[in-house]
Amino acid sequence: STTTMNAEESRLHKLTRKRLRVERQLEFDPCDFLARQTLTEVEKELEKCVKMKSKETEACATSQPRMLTPVELASGRQAWARKDQFSSLQPVKSDVGLRILHKMGWKDGQALGKFGQGTINPLEVAVKFDRKGLSTEGEVAPKKKSKKAQSEKILQVQLEGRHPVSVLMETCSRQQWSPPQFELVLNSGPAHEKDFQFKAIVGKSEFHAETPSRTKKEAKKEAAIAALKGLGLLGPGKD
C-alpha cells in the first residue's frame, strides 16, 4: 500500500543520514570502535532495504495484468455516451446568444436569416454509442481506386512520364507532319467554375477530348491524349 511504501522510504532516508553521521565521526576519530560497529549495523540494514525493494520491483515486472471482464467493463459510470443521455435535456433559456437574438426580433420557432431562409431546428450532434474507433473494420469500407486514377496510372506508364502534348509534337516532327494545332471548342460555366474543351488537329484529322476540364492546360492535355489514341499510338493494350 501507499502507507507502507512511504514508511519504507522514510526508514531508508533515516538509515542513509545515520550512516553519513557515523562516517564523519570515523573521519574525526578512525579508532572509534562504537562508530565502526554502528556503521556495520547500518550497512546491513541498508542492504536488507535494497534487497526488499528489488524483490518488489521484480514482482511488479513479472506479474501478469488481469483483463477486465465484459461485466466489469459495463458496470459503474461509463465514459462513453448513452442512448438516453440527451432525451431529458431542456432547451437553453439563459444563454447570451439567445438574448441577443430576442433583442434583434427573433422569436422561438422562427427560422434564422434575414428572410427566414435558415434552419429552424438546432444542429444535431452525431454521438457514437459504442467503444469502437473512428475507422474500425466494418465501419469504413476500404477505398477503391477510381477508374480515372487507374487510367491515369496506365497513361503514365505508356507515356514514360512525358507530357501528352510533348509526345504528340515529337510524333508529328518524327513523321514529318505539320505541328499539331489546338483549338478551344468549349468555354462555358460561371467564372469560378469554368469548363474547357479543346480539339487537336493533326493534318486533316480532328480529335476531341472525351470530357471537359477545369483548366485550359488540362483540357489541352486531354485533347492530346485523344489524338494519340486516335492515331493508334496510345491505348489500353499499347506498351
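Two strands pair if DSSP finds at least two bridges between them. Helices (H or I, at least four residues) and strands (E, at least two) are DSSP runs, numbered from the N terminus.

## Basis

The model is predicted, so local features need pLDDT of at least 70 and side-chain atom pairs count only at pLDDT 80 or more, while totals for chains, interfaces and linings use all residues. Residues are numbered from 1 along each chain as its sequence is written, and side-chain values use heavy atoms, with hydrogens and water left out.

## The sheet

An open sheet is formed by 3 strands in the order E1-E2-E3, with antiparallel pairing. Strand E1 (181–188) and strand E3 (205–208) are the edge strands, each pairing on one side only. On average, neighbouring strands of this sheet are turned by 25 degrees against each other, direction ignored; axes are lines fitted to C-alpha atoms, for helices over the stretch in contact, and angles run from 0 to 180 degrees between N-to-C directions.

E1 and E2 run antiparallel and are joined by 7 bridges. These strands form a hairpin with 6 residues between them, and Gly189 in the turn has a positive phi of about 100 degrees. Strand E2 (residues 195–202) is joined to E3 by 4 bridges, again antiparallel. Ile201 in E2 is the bridge partner of Gln181, and Ile201 also stands opposite Glu206 in E3.

Helix H7 (residues 216–230) lies across E1, E2 and E3 and runs at about 40 degrees to E2.

Val165 lies in helix H6 (residues 164–174). Val165 is buried, with a relative accessible area of 14%; buried means under 20% relative accessible area, exposed over 50%, and partly exposed in between (1.4 Å probe, protein chains only). Apart from neighbours within four places in sequence, Val165 is in contact (heavy atoms within 4.5 Å) with Phe182, Lys220, Lys221 and Ala224. Between Val165 and Ala227 there are 62 residues of sequence separation and 9.5 Å in space, C-alpha to C-alpha.

## A nonpolar surface patch

Val96, Ile100 and Met104 make a nonpolar surface patch of about 320 Å². Ile100 is in helix H4 (residues 96–103) and is partly exposed, with a relative accessible area of 45%.

Patches are made of residues with over 30% relative accessible area and no salt bridge, where like charges are joined within 9 Å and nonpolar side chains (Val, Leu, Ile, Met, Phe, Trp, Tyr) within 5 Å. A salt bridge is a side-chain nitrogen of Lys or Arg within 4 Å of a carboxyl oxygen of Asp or Glu. Accessible areas come from the Shrake-Rupley method with a 1.4 Å probe, and for residues only the protein chains shown count as cover.
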